[in-house]
Amino acid sequence: MPDAFDLFNEATELAEQGQLDEALVLFRTLIRTDSNNASIWNNIGIIRFRQGKYIDAVNAFGQAADIDPQFTNALFNKSLALVHLKKDTEALRALDKVLKLNPHDKEAQSQHALIVQKMAHACEPLKTDSQSVQSQLRV
């Protein structure tokens with residue numbers, strides 16, 4: 001049986017190739033043996049996000065951030081999933097945590113500004129949420 005490092009690499013490779021279901025199976029196998037690994041939870045969140053399972057993504061990113069409160073990528077990713085769920089206030093809270101840890105994070109600053117702008121113009125029609133906010137997940 002491959003070791004955890006090999007399984008992680010294989011799962012990551014499968015995810016990069018778009019084989020999300022297969023990658024998710026491997027990440028879930030890993031999480032059963034190492035449930036306190038923030039990186040595994042973040043990757044599960046990325047897969048769930050790409051599958052359009054935004055609630056599951058928020059939960060996985062949240063688990064990663066709970067394990068490692070300094071893990072700004074998980075917090076940033078959580079904000080993206082929250083935007084897709086139309087939970088802009090919660091998304092801003094996640095971004096505030098990112099910016100508190102890293103005030104010079106340009107992507108987080110941009111995402112924060114886009115959400116604030118969207119909320120300020122809530123009465124005006126927007127293109128779509130996915131077009132009006134950043135959508136680049138972080139590994």
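How many helices and how many strands does the chain have? In this predicted model, the chain has eight helices and zero strands. Followed along the sequence, the elements give the pattern α-α-α-α-α-α-α-α. The chain comprises 139 residues, of which 42% count as buried. Its exposed surface comes to about 7900 Å², with carbon and sulfur atoms supplying 51% of that area. Among contacts between residues at least 6 apart in sequence, 50% join residues at least 24 apart.

In soluble globular proteins, nonpolar side chains tend to be buried together. Here, the largest nonpolar core has 20 residues, and the members that touch the most other members are F49, F61, F76, A81, A108, I115 and L137. Several helices contribute to this core: α3 (38-50), α4 (54-67), α5 (72-84), α6 (88-101) and α7 (106-120) each supply at least two residues. The helix that gives the most is α5, with six residues. Apart from this core lies another, made up of 15 residues that include A11, A15, L30 and I31. Once residues up to four places away in sequence are set aside, A108 touches F76, L95, V98, L99 and R138.

The packing of α4 against α5 is described next. Two packed helices are described by the angle between their axes and the distance between the axes. For α4 and α5, the angle is about 160° and the axes are 9 Å apart. An angle over 145 degrees counts as roughly antiparallel, and α4 and α5 are therefore roughly antiparallel to each other. The crossing of α4 past α5 is left-handed. On the α4 side, the residues that meet α5 are Y54, A57, V58, F61, G62, A64 and A65. Their counterparts in α5 are A74, L75, N77, K78, A81, L82 and H84.

Which residues does A23 contact beyond its neighbours within four places in sequence? A23 sits in helix α2 (residues 20-33), and its contacts of this kind are with A11, L14, A15 and I47. Two of these partners, A11 and A15, are among the members of the 15-residue core. The relative accessible area of A23 is 0%, so the residue is buried. A23 and N43 stand 20 residues apart along the chain, and their C-alpha atoms are separated by 9.3 Å. N43 belongs to helix α3. With a relative accessible area of 8%, N43 is buried, because this value falls under the 20% cut-off. Leaving out residues up to four places away in sequence, N43 touches F8, F27 and V139.

K86 is placed in the loop between α5 and α6. Is K86 buried or exposed? Its relative accessible area is 62%, and since exposed means over 50%, K86 is exposed. The backbone of K86 also deserves a friendly glance. Most residues other than glycine have a negative phi. In K86, by contrast, phi is near 65°, a positive value in a residue other than glycine.

Technical notes: Residues numbered from 1 in each chain as written. Predicted model: local features only at pLDDT ≥ 70, side-chain atom pairs only at ≥ 80, totals over all residues. Heavy atoms only, no water. Core = buried A, V, L, I, M, F, W, Y, C linked by side-chain atoms within 4.5 Å. Buried < 20%, exposed > 50% of the residue type's maximum accessible area, 1.4 Å probe, protein only. Helix = DSSP H or I, 4+ residues; strand = E, 2+ residues; numbered from the N terminus. Contact = heavy atoms within 4.5 Å. Areas by Shrake-Rupley, 256 points an atom, 1.4 Å probe, with all protein chains shown as cover. Axes fitted to C-alpha atoms, helices over the stretch in contact; angles between N-to-C directions. Parallel < 35°, antiparallel > 145°, perpendicular 65-115°, else oblique. Left-handed = near helix turned anticlockwise from the far one by under 90°.
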